[in-house]
Amino acid sequence: INQMSTTQLAIKVNIFSFLILIVLMIPVACLFSSVLMTLSLFAKSYKEAQSYITPAMFIVILPAMVSFVPGIEFSSQLGFIPIINVSLVAKEILMGEIYWNHITLVFVSTGILAAFSIYVAKKQFEREEVLFRI
């Protein structure tokens, strides 16, 4: 007789948790939109830009799956790794566990990376080679 063990997954989503998740997504969206924009600046056509961006999308998806691995919990070391940090904190929030120190660490570390990537994208747009395709 094969018995399957079942685990209950209690997801607690209220408006407050939803707002926290939205706020956490703002620096992530800024980070990866500026990274993808910077990557696409090196392309000479739409098709070439897609070939640059597609591997970058996989680089984003794979770390996000870390939160699905059993036994991996948020730590201060993982709090500095983009995407992994947000996915682990999002998992905590959806489970009803709100730790403000985790949320703050993730927001600040991702915000710093986003600011740096926006700065790099801005610097790329200031180059004549990019503007005029020289």
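This is a predicted model: local features need pLDDT of at least 70, side-chain atom pairs count only at pLDDT 80 or more; totals for chains, interfaces and linings use all residues.
Helices here are DSSP runs of H or I, at least four residues long, numbered from the N terminus. Keep that in mind as we go.

Let's start in helix α1. Ala29 lies in this helix. Is Ala29 buried, exposed or partly exposed? Partly exposed, because its relative accessible area is 46%, and that class sits between the 20% and 50% cut-offs.

Next, the helix pair α1 and α4. Helix α1 covers residues 15-41, and helix α4 covers residues 100-125. Their axes come within 8 Å. The crossing angle is roughly 25°. Angles under 35 degrees count as roughly parallel, so α1 is roughly parallel to α4. The crossing of α1 and α4 is left-handed. What kinds of residue make up the contact of α1 with α4? There are 21 nonpolar, six polar and no charged.

Now α1 and α3. These axes come within 10 Å and cross at roughly 175°. That makes α1 roughly antiparallel to α3. On the α1 side, the contact is made by Ser17, Ile20, Leu21, Leu24, Met25 and Val28. On the α3 side, look for Val86, Val89, Ala90, Ile93 and Leu94. By type, the residues of the contact of α1 with α3 divide into ten nonpolar, one polar and no charged.

Stay with α3, residues 84-94. Why is α3 described as largely enclosed by the rest of the structure? Because nine of its eleven residues are buried. Those buried residues are Ile84, Asn85, Val86, Ser87, Leu88, Val89, Ala90, Glu92 and Ile93. What do they pack against? Helices α1, α2 and α4. After α3 comes Gly96. The phi of Gly96 is positive, near 90°.

Last stop: Ser67. You will find Ser67 in the loop between α2 and α3. Helix α2 spans 46-64. Ser67 is buried, because its relative accessible area is 9%, and buried means under 20%. Which residues does Ser67 touch, leaving out those up to four places away in sequence? Ser87, Leu88 and Lys91. Two of those names, Ser87 and Leu88, are on the list of buried α3 residues. A polar atom of the Ser67 side chain lies 3.2 Å from the backbone oxygen of Ala64.

How values were computed
Residues are numbered from 1 along each chain as its sequence is written. Side-chain values use heavy atoms; hydrogens and water are left out. Axes are lines fitted to C-alpha atoms, for helices over the stretch in contact, and angles run from 0 to 180 degrees between N-to-C directions. Helices (H or I, at least four residues) and strands (E, at least two) are DSSP runs, numbered from the N terminus. Angles under 35 degrees count as roughly parallel, over 145 as roughly antiparallel, 65 to 115 as roughly perpendicular and the rest as oblique. A crossing is left-handed if the near helix is turned anticlockwise from the far one by less than a right angle, and right-handed if clockwise. Ala, Val, Leu, Ile, Met, Phe, Trp, Tyr, Cys and Pro count as nonpolar, Asp, Glu, Lys and Arg as charged, and the others, Gly among them, as polar. Buried means under 20% relative accessible area, exposed over 50%, partly exposed in between (1.4 Å probe, protein chains only). A polar contact is a pair of N or O atoms within 3.5 Å; within protein, one must be able to donate a hydrogen and the other to accept it, and residues adjacent in sequence count only if both atoms are side-chain atoms. Contact means heavy atoms within 4.5 Å.
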